[in-house]
Amino acid sequence: MASSLKNLSDYVINAVPSGKGKNVGIVIAEWNQHITFELLNGCKDTLLQHGVGLDNIVISIVPGTFELPFAAKKIAKEHHLSGVICIGCVIKGETKHDEYINHSVAQALQNLNLHFDIPFIFGVLTPNTEQQALDRAGGKHGNKGVEAAVTLLKMMSI
Ligand code: DLZ
């Protein structure tokens with residue numbers, strides 16, 4: 001289902017495992033930070049609502065989405081985390097930069113998922129326009145940060 005047909009902030013609250021006692025990481029890209037910091041807010045609020053302690057959240061800020069996997073791997077190791085959410089927003093432009101960044105980051109995060117025993121969540125928006133990003137960062141299609149947090153809580157319980 002396309003995310004335009006689903007509100008990214010809608011989920012069944014009772015179906016989400018508690019994050020109490022878990023140490024989690026959030027890595028955020030500075031590019032398009034008016035979008036990524038909205039995603040961070042949604043993500044953090046959802047984790048807190050489901051029992052993750054504020055002191056148990058490690059936040060790392062990187063320049064762009066391309067840098068997310070490196071920081072995710074580093075904080076996962078150094079802070080003995082139970083899972084890491086990676087937040088970015090790559091908006092399509094005149095060149096193919098979005099394709100290169102999105103594919104490599106998706107692949108790198110999947111590699112981390114397969115080589116570490118903890119989940120790494122792809123909280124990256126890949127819109128064609130800025131409006132599509134705003135719609136998914138607390139706008140009419142909800143907030144992808146919320147969806148990423150719920151995904152992490154579910155994956156950490158496996
Ligand atoms: C270079 C670049 C461009 C053009 N666009 C974006 C973007 O829309 N979103 C994003 O997160 N990062 C972008 N970047 C930066 C790259 O992710 C990366 O930081 C640089 O290529 C340096 O490695």
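**Figure 1. Valine 58 in strand S2.** Valine 58 belongs to strand S2 of this predicted model. The residue has a relative accessibility of 18% and therefore counts as buried, since buried means under 20% relative accessible area. Valine 58 is the bridge partner of glycine 25. Valine 12 lies 46 residues from valine 58 along the chain, and the C-alpha atoms of the two are separated by 26 Å.

**Figure 2. The pairing of strands S1 and S2.** Strand S1 covers residues 24–29 and strand S2 covers residues 57–62. The two strands pair in the parallel sense, and six bridges connect them.

**Figure 3. Strand S1 and its two covered faces.** In a regular strand the side chains alternate between the two faces of the sheet. On one side of S1 are Val24, Ile26 and Ile28, and on the other are Gly25, Val27 and Ala29. Both faces are covered, and these residues are all buried. Counted together, six of the six residues of S1 are buried, so the strand is mostly covered, where buried means under 20% relative accessible area.

**Figure 4. Strand S1 beside strand S3.** Strand S1 also pairs with strand S3, which spans residues 83–89. Five bridges link S1 and S3, and the sense is again parallel. Isoleucine 28 has isoleucine 87 in S3 as its bridge partner.

**Figure 5. Aspartate 45 in helix H1.** Aspartate 45 is located in helix H1. Its relative accessibility is 48%, so aspartate 45 counts as partly exposed. Histidine 79 is 34 residues from aspartate 45 in sequence, and the two are 21 Å apart in space, C-alpha to C-alpha.

**Figure 6. Strand S3, enclosed on both faces.** Because seven of the seven residues of S3 are buried, the strand is largely enclosed by the rest of the structure. One side holds Gly83, Ile85, Ile87 and Cys89, while the other holds Val84, Cys86 and Gly88. Both faces are covered, and the residues on them are all buried.

**Figure 7. The pairing of strands S3 and S4.** Strand S4 consists of residues 120–125 and runs parallel to S3, to which six bridges join it. Cysteine 86 stands opposite phenylalanine 122 in S4. From S3 to S4 the chain crosses through helix H3, residues 97–115, in a right-handed β-α-β crossover.

**Figure 8. The shell around the ligand.** The residues that surround the ligand are Trp31, Asn32, Gly64, Thr65, Phe66, Glu67, Cys89, Val90, Ile91, His97 and Ile101. By class, the shell divides into six nonpolar residues, four polar and one charged.

Figure 9. Threonine 65 has an N or O atom in its side chain 2.6 Å from an oxygen atom of the ligand. For asparagine 32, a polar side-chain atom lies 3.3 Å from an oxygen atom of the ligand. Isoleucine 91 takes part through its backbone, with an N or O atom 3.3 Å from an oxygen atom of the ligand. On its own the ligand has 490 Å² of accessible area, and the protein covers 70% of that area.

Definitions and conventions: Residues numbered from 1 in each chain as written. Predicted model: local features only at pLDDT ≥ 70, side-chain atom pairs only at ≥ 80, totals over all residues. Heavy atoms only, no water. Pairing = 2+ DSSP bridges. Helix = DSSP H or I, 4+ residues; strand = E, 2+ residues; numbered from the N terminus. Near = heavy atom within 4 Å. Polar contact = N/O pair within 3.5 Å; in protein donor to acceptor, adjacent residues only side chain to side chain. Areas by Shrake-Rupley, 256 points an atom, 1.4 Å probe, with all protein chains shown as cover. Nonpolar A, V, L, I, M, F, W, Y, C, P; charged D, E, K, R; others polar. Buried < 20%, exposed > 50% of the residue type's maximum accessible area, 1.4 Å probe, protein only. Right-handed = clockwise from strand over helix to strand, strands pointing away.
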